[in-house]
Amino acid sequence: MNELDQEKNIENLLEDTAEQIQPNLMFKAELEEKLRKEYRPKAGFFSNFSRSITANRPTLTGIAALGALVIVIFWIFQTIRPQNSAGTSEIQSTPESVIDPQNSTSEDNGESYDYREGKLVLTAPLPESPASANIYTYRNDQPATQEEAQALADKFGLKGDTYKVAFPQSPEQTGYVISDGKRILTVYTKNYFTYTPDIVVTDRGYYGVFNENAEAIIFDFFKANGFDLKLDISESPMEGIYQFAQVSPDDIPMQYDIYTIQGSTVTLDKNGEVANLTANLMSYDQNPAGTYDIISAKDALDAILDPNSTVGMTESGSSGGSGEIPQQWYREYPNNETVTISGSLIKYDAATPGQPPLIFIGSTPAIGNIEALKTVNDYTFVQATGQFLLEDGVRKFNVETADVNSIQGYISGSLRQEGSQILLIGDDGKSEYILLDPPADLPLNTKIEESYIGITGALIENTLDWSNIQYIADASSMGGGGGGGGYGFYPLNLTGTPAVFPTPIPSEDQYSPAEISSFLNYTVKSGDTLESIAATFNVPLEDLKRVNYITDLNVIQNGWIIKIPGVPGPTQLEGAEGIVNVYQFKKPDGRLRYQYNFVSVQDSAYYELTGDELEPLQKMINRPVKIWGDISFSENGSAFLDVKQYEELYPGLQYQILQGKETVKEINGYPMAFFTTGNDTYVILSEMGTYQDISFKGDFPEGVSVEALIVPGETYEGMPAIRVFNMVPATNPTTGLPLDIEPMANKILPPGPDPYGNSDEYIQPDLIVDSIQLEYYVSDPKMLYDSPTDAADGQYIQPVWHFHGHYIDGAIIDILVQALKREYLSPYESQ
């Protein structure tokens with residue numbers, strides 16, 4: 001899997017997420033499960049192999065922001081947080097010295113308002129509001145020519161050869177790389193480029209360092225390199241990484257989407273120098289398309305506080321950083337001595353025909369006998385024997401021999417000493433690897449569930465010739481992320497004729513979250529329409545749309561779960577079939593809490609389990625069970641099941657590791673994914689067995705390995721079905737060697753932080769608003785992978801009110817409120 005595929009997979013995940021937020025309450029369970037799978041890297045070749053690719057490529061291509069990409073849907077987790085449950089159990093462990101995030105005195109810091117179930121506190125005054133603001137026309141960014149790329153290199157004083165690079169979201173579009181082997185400039189378009197002054201330093205000082213003089217350092221850097229830009233500089237959620245935005249002709253900052261992958265950022269190193277620059281500048285007509293009346297900052301605040309507001313807004317969040325910065329060790333080699341190194345190969349073809357390519361092994365430029373390396377694919381893991389040389393201040397590796405069939409290991413676990421050897425014990429507790437020439441100060445005998453050690457290197461039988469070691473003492477700090485939510489922006493209406501907005505429904509006439517959750521779940525069938533469903537159940541069409549957050553009558557699809565307003569769902573489960581998930585949460589004082597969730601196969605309903613004697617369910621996770629109990633709902637709509645009885649449907653049924661092929665075919669007008677192993681072909685279902693899963697879309701035509709469950713007699717539309725928990729290519733796509741898949745379906749993953757804090761009841765943390773600013777905003781067209789340069793046609797840069805702040809538990813929050821008055825907006829679609 002290359003970097004482009006990874007980025008596309010990220011986009012596809014977000015698109016799938018956005019689509020399912022509207023009608024599917026089952027999505028709560030599935031999103032939580034999918035995200036928890038990504039909580040912590042595990043031993044196993046392929047997942048760690050792809051992680052290693054991402055860690056190396058950004059430095060060389062200049063997309064440093066990818067390394068900071070931590071997309072966990074924060075806003076969604078605010079809505080699906082665990083609820084107080086009498087049936088959850090706790091285990092006492094060693095208390096830690098902590099500050100309880102719920103013990104807040106934030107209300108003393110500024111004006112306080114009721115917000116959700118907590119408070120919103122303004123520590124910054126509401127700014128004076130202009131009566132109007134401009135709208136600017138966005139111009140499509142254009143590809144850069146080789147001459148323009150060279151002129152940009154001249155600004156940085158970079159003298160080096162020019163090479164070609166594909167645009168990350170559009171491989172047919174060519175950009176340029178200019179490098180002397182130490183510095184590298186990557187120019188994708190006229191306004192989108194990256195610059196790294198020292199590849200090795202950036203590769204090793206990846207996380208950035210906070211500097212109180214950051215603003216002055218960044219301004220001086222731009223000025224010293226000939227950039228005459230008026231900028232607005234701010235800290236990003238990632239420590240040591242600073243965001244910058246252009247400033248409009250009327251002195252208002254201009255920005256793309258919050259936390260866009262291609263944001264404009266500067267990373268500072270420990271010496272207070274720029275370690276990496278990513279510039280994603282806007283191209284626009286500086287003559288305004290018009291000037292329009294806007295709402296005040298107070299109006300925007302009122303819209304945020306009103307849960308029934310129909311003002312356009314979006315919400316983004318992150319955990320407030322990347323967690324604990326790892327302690328790292330790097331393999332060091334002397335100059336002018338024969339050594340063997342390893343790393344992923346990165347190759348850039350020369351822009352001038354007939355000239356040799358630029359090849360890196362890891363972050364080191366390779367010279368010498370590189371003929372064998374010219375024909376292999378990017379990201380191929382290689383071992384090379386030769387000598388490090390210093391030429392004109394640039395350290396290079398003079399290759400004598402190269403092995404392109406080496407096996408890369410990225411293995412996590414714990415270390416122990418046995419005699420004179422240091423052994424790495426994999427996360428499975430069984431596999432052991434001898435660490436070649438280990439550092440003397442490595443942490444030994446750490447607990448896998450509490451800390452993290454990950455080691456990259458060449459795997460030779462049971463020996464790991466390491467190149468990089470990472471250690472995080474507290475594994476629970478490895479979470480982090482950002483995401484989005486809110487109501488969406490309305491499209492602009494600049495016709496001069498105001499559109500008619502629907503009359504808002506008074507809150508007393510709306511269904512409560514508990515009422516909505518208690519309504520009947522209905523599975524959409526082939527041929528259903530919203531009109532036909534409304535007629536079948538004799539409910540108003542508008543109610544059906546409103547309860548399921550549906551605006552487009554044609555949006556529903558076969559298999560979706562929608563709520564039927566006014567029609568009560570079950571109050572009990574009597575032998576309902578489904579699966580149980582078990583999660584661990586770690587309280588600030590060190591205690592562990594288990595939470596048990598059940599998902600019904602029949603209607604994808606999701607319940608948190610309460611009651612006694614739930615612990616045996618830990619041995620049944622992700623396998624079919626039957627369950628009996630009474631249903632109840634909390635005020636915010638979370639569903640609970642007070643368990644009376646449960647039983648395992650197929651005692652002894654286990655997940656299997658199978659090899660075969662995955663294909664996608666169209667059946668009755670819909671794509672359907674199939675897995676074939678031997679003479680047997682199955683429809684691929686989700687691990688819950690609730691819907692057929694086409695998330696892989698035939699990505700691995702040469703074969704796959706799956707962790708799967710074959711439930712006796714289970715079918716989908718009359719065809720045999722298989723529940724797939726995990727899927728990887730059957731072989732390493734670059735070496736052709738077999739890949740192992742680590743069994744995960746039966747495991748309870750390491751604990752994440754407990755949303756309850758130290759209490760047994762969830763408390764909504766207060767939101768502290770640190771700044772409020774009027775800005776100009778446009779959605780970043782580079783996030784539209786299929787058409788990065790044409791997607792901006794017709795887009796306008798519009799005014800928004802930007803509320804930036806943090807919850808008292810440390811999470812960062814950004815809310816953008818559409819600032820144009822309603823007469824310049826259209827209600828008929830959301831975007």
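The following legends describe close-up views of a predicted model.

In this predicted model, local features need pLDDT of at least 70 and side-chain atom pairs count only at pLDDT 80 or more, while totals for chains, interfaces and linings use all residues. Residues are numbered from 1 along each chain as its sequence is written, and side-chain values use heavy atoms, with hydrogens and water left out.

**View 1. The tilted ring pair of F156 and F227.** The structure holds 18 aromatic pairs, a pair being rings of Phe, Tyr or Trp (its six-membered ring) with centres within 6.5 Å, counted as stacked with planes under 30 degrees apart, as edge-to-face over 60 and as tilted for the rest. The rings of F156 and F227 have centres 5.5 Å apart and planes at 45 degrees, so this pair is tilted. F156 lies in the loop between α6 (146–155) and β5 (161–167), and F227, 71 residues apart from it, in the loop between α8 (214–224) and β9 (231–235); helices (H or I, at least four residues) and strands (E, at least two) are DSSP runs numbered from the N terminus. Both F156 and F227 are buried, where buried means under 20% relative accessible area, exposed over 50% and partly exposed in between (1.4 Å probe, protein chains only). F156 and F227 belong to one aromatic cluster that also includes F193, Y195, F221, F222 and F244. The charged end of K155 sits over the ring of F227, 4.4 Å from its centre, a term that requires NZ of Lys or CZ of Arg within 6 Å of the ring centre and within 35 degrees of the ring normal.

**View 2. The stacked ring pair of Y333 and F388.** With centres 5.9 Å apart and planes at 20 degrees, the rings of Y333 and F388 are stacked. Because Y333 lies in the loop between β16 (327–330) and β17 (338–348) and F388 in strand β20 (residues 381–391), the pair ties together parts that are 55 residues apart in sequence. Both Y333 and F388 are buried, and the charged end of R395 sits over the ring of F388, 4.0 Å from its centre.

View 3. Most residues other than glycine have a negative phi. N538, in the loop between α12 (530–537) and α13 (541–547), has a positive phi near 55 degrees and is exposed, with a relative accessible area of 71%. S604, found in the loop between β31 (592–600) and β32 (606–610), has a positive phi near 60 degrees, but counts as buried at 4% relative accessibility.
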